[in-house]
Amino acid sequence: MIFYFSGTGNTRWVATRLAEAVGETAVDICGEPDNGRTYTLTEGERIGFCFPVHGWQPPEIMLRFISKMQIRQAGGHYCFAVCTCGDETGKAVDILNSHLRRRHLHADSAFSLVMPNTYVALPFMNTDGAEAEAAKTSNAAGQTDTIIKAVEARKGGVYRLREGAFPRLLSYVLGNVFHKTMMTDRPFRADADTCTGCGRCAKACPVGNITLTESRTPEWRHDGRCTCCLACYHHCPTRSIAYGRFTKGKGQYYFGKTITTKPNRQT
């Protein structure tokens, strides 16, 4: 059983490809009950956790899921983790393992995959150019084949992670600041003049954080469920959605389709 969270599709691609290759079931945690569920594993079943790195930490939604889940007969089952990132992971897997221990689990092996950048809500961050995106996607495909072989063989002690030069600083200092200040949906807004009411933003949101008004303009719930994955921004065909002023002039990306950078009409 492979549990995954994905905003713009990078991690979904990895998790489903892994599941198909090793004969496991991919479970989107956004479709699971908020109050947790008890899972019973079959003999020899693997346990996987796949997630994008948010601010050098696992997404809060994945940590909440782990805190509420129960797995019967978890002992003796091979457990692994795969995290996708635009660059560095920091100590994201260590943080994951600290939560898994409370469920009597530990990642026997863990891997990171550098995928096309999706986070554009800071001044110095943008999507990759077409050449860099193609290179990352191609490299990730080859690395996923290597991960599949390791998971299929149930290899333990394999930690292929791109932690960065100062991983503890990234995760435990900068990461904490990031999660306290940037993990909010309040800066999101939609330009009523350019929004067509297509509803793609609401459909793309993995946590159901967007409702449509009578005029079909999106509204964010402001109830703490937003993961700031920016799926709503990246899926908007008219570039009507902005995250404050941070996304002005930035590119859009979701797995399977790239929208090249265009002038943003937000002011």
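## Salt bridges

At a relative accessibility of 33%, D94 counts as partly exposed; here buried means under 20% relative accessible area, exposed over 50%, and partly exposed in between, computed with a 1.4 Å probe and protein chains only. The model is predicted, so that local features need pLDDT of at least 70 and side-chain atom pairs count only at pLDDT 80 or more, while totals for chains, interfaces and linings use all residues. Residues are numbered from 1 along each chain as its sequence is written, and side-chain values use heavy atoms, with hydrogens and water left out.

Side chains of opposite charge can pair when their charged atoms come close. A salt bridge is taken as a side-chain nitrogen of Lys or Arg within 4 Å of a carboxyl oxygen of Asp or Glu, and by this rule the count comes to 8 salt bridges. D94 is paired with K91, their closest N and O atoms lying 3.7 Å apart. K91 itself is buried, at 16% relative accessibility. K136 and D128 form another of these pairs, with 3.1 Å between the closest N and O atoms. K136 is buried at 15% relative accessibility, and D128 is likewise buried, at 18%.

In the salt bridge between D223 and R225, the closest N and O atoms are 2.9 Å apart. D223 is partly exposed at 41% relative accessibility, as is R225 with a relative accessible area of 31%. Through salt bridges that share partners, K91, D94 and E163 are joined into one network.

## Surface patches

Patches are built from residues with over 30% relative accessible area and no salt bridge, like charges being joined within 9 Å and nonpolar side chains (Val, Leu, Ile, Met, Phe, Trp, Tyr) within 5 Å. Lys and Arg count as positive and Asp and Glu as negative, with His and the chain ends not counted; the place of a charge is NZ of Lys, CZ of Arg, CG of Asp or CD of Glu. A patch of positive charge on the surface gathers R200, K203, R216 and K257. Within this group, K203 belongs to helix α6 (residues 200-204); helices (H or I, at least four residues) and strands (E, at least two) are DSSP runs numbered from the N terminus. K203 is exposed, with a relative accessible area of 72%.

A nonpolar surface patch consists of F166, L169, Y172, V173 and L174, which together have about 470 Å² of accessible area, from the Shrake-Rupley method with a 1.4 Å probe. V173 lies in helix α5 (residues 167-181) and is partly exposed, its relative accessible area being 43%.

## Cysteines

How many disulfides does a search of the whole structure find? The search finds 0, a disulfide being a pair of cysteine sulfur atoms within 2.5 Å. C79 is in no disulfide, and the nearest cysteine sulfur, that of C50, is 10 Å away. C79 is buried, with a relative accessible area of 1%. C205 is also in no disulfide; for this residue the nearest cysteine sulfur is that of C229, at 6.2 Å. C205 counts as buried at 15% relative accessibility.

## Loop residues with positive phi

L230 is not a glycine, yet its phi is positive, at about 70°. This leucine, L230, sits in the loop between β11 (218-220) and α7 (231-235) and is buried, with a relative accessible area of 2%.

R239, another residue other than glycine, has a positive phi near 55°. R239 is placed in the loop between α7 and β12 (241-243), where its relative accessible area of 7% makes it buried.

## Sequence separation and distance in space

Y119 occupies the loop between β7 (109-114) and α4 (130-152) and is buried at 18% relative accessibility. Y119 and K250 are 131 residues apart in sequence, with a C-alpha to C-alpha distance of 10.0 Å.

G75 is located in the loop between β5 (70-72) and β6 (79-85) and counts as exposed, at 64% relative accessibility. G75 and S215 are separated by 140 residues in sequence and by 53 Å in space, C-alpha to C-alpha.
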